[in-house]
Amino acid sequence: MKILSSADWHVNLHKKKIPRKWQENRFLMLFEKLKELEKQCDVHVISGDLFDKKPETDDVALILSYLNSVTIPTIVIPGNHESTSKGKTFWEHFKLENTVKNNLVHILTDNSRIE
């Protein structure tokens, strides 16, 4: 089994002094590369910190566009940048109806240690 692993994307399209279009294009290029790598792998594990901070609407839209287009099973694990309070993350909102529509995407919503 081949596992594609990625993390620390830190999507934030609202950084000062950096043109928004440039920021968006770099993530679109990342997504294009990940889709190429998916063709060689069986599963993709995204290990947290997809966002840099609590996301804006367009940050969420960008991530949803990628997650809804994946072609292999994809597991999203929350990182510390997605935490809202101890052991909780805002990923639970992504599991609501009409957000991530791709059945290949599995989102873990707790940010707790499993022993």
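I number residues from 1 along each chain as its sequence is written, and side-chain values use heavy atoms, with hydrogens and water left out. As the model is predicted, local features need pLDDT of at least 70 and side-chain atom pairs count only at pLDDT 80 or more, while totals for chains, interfaces and linings use all residues.

**Fold.** I looked up the elements and got two helices and six strands, in the order β-α-β-α-β-β-β-β from the N terminus. Helices (H or I, at least four residues) and strands (E, at least two) are DSSP runs, numbered from the N terminus.

**Burial and surface.** The protein has 115 residues, and 38% of them count as buried (under 20% relative accessible area, 1.4 Å probe, protein chains only). I get about 7,300 Å² of accessible surface, 53% of it on carbon and sulfur atoms (Shrake-Rupley method, 1.4 Å probe).

**Rings.** I found three aromatic pairs (ring centres within 6.5 Å, with the six-membered ring for Trp; planes under 30 degrees apart are stacked, over 60 edge-to-face, the rest tilted). Trp 9 and Phe 31 have centres 5.5 Å apart and planes at 50°, so I log them as tilted. Trp 9 sits in the loop between strand 1 (3-6) and helix 1 (20-38) and Phe 31 in helix 1, so this pair ties together parts 22 residues apart in sequence.

Next I checked Phe 31 with Tyr 66: centres 4.9 Å apart, planes at 25°, so stacked. That pair links helix 1 to helix 2 (residues 57-67), 35 residues apart. Phe 31 and Tyr 66 are both buried, and Trp 9 is buried too. I note Trp 9, Phe 31 and Tyr 66 as one aromatic cluster.

Key. Buried < 20%, exposed > 50% of the residue type's maximum accessible area, 1.4 Å probe, protein only.
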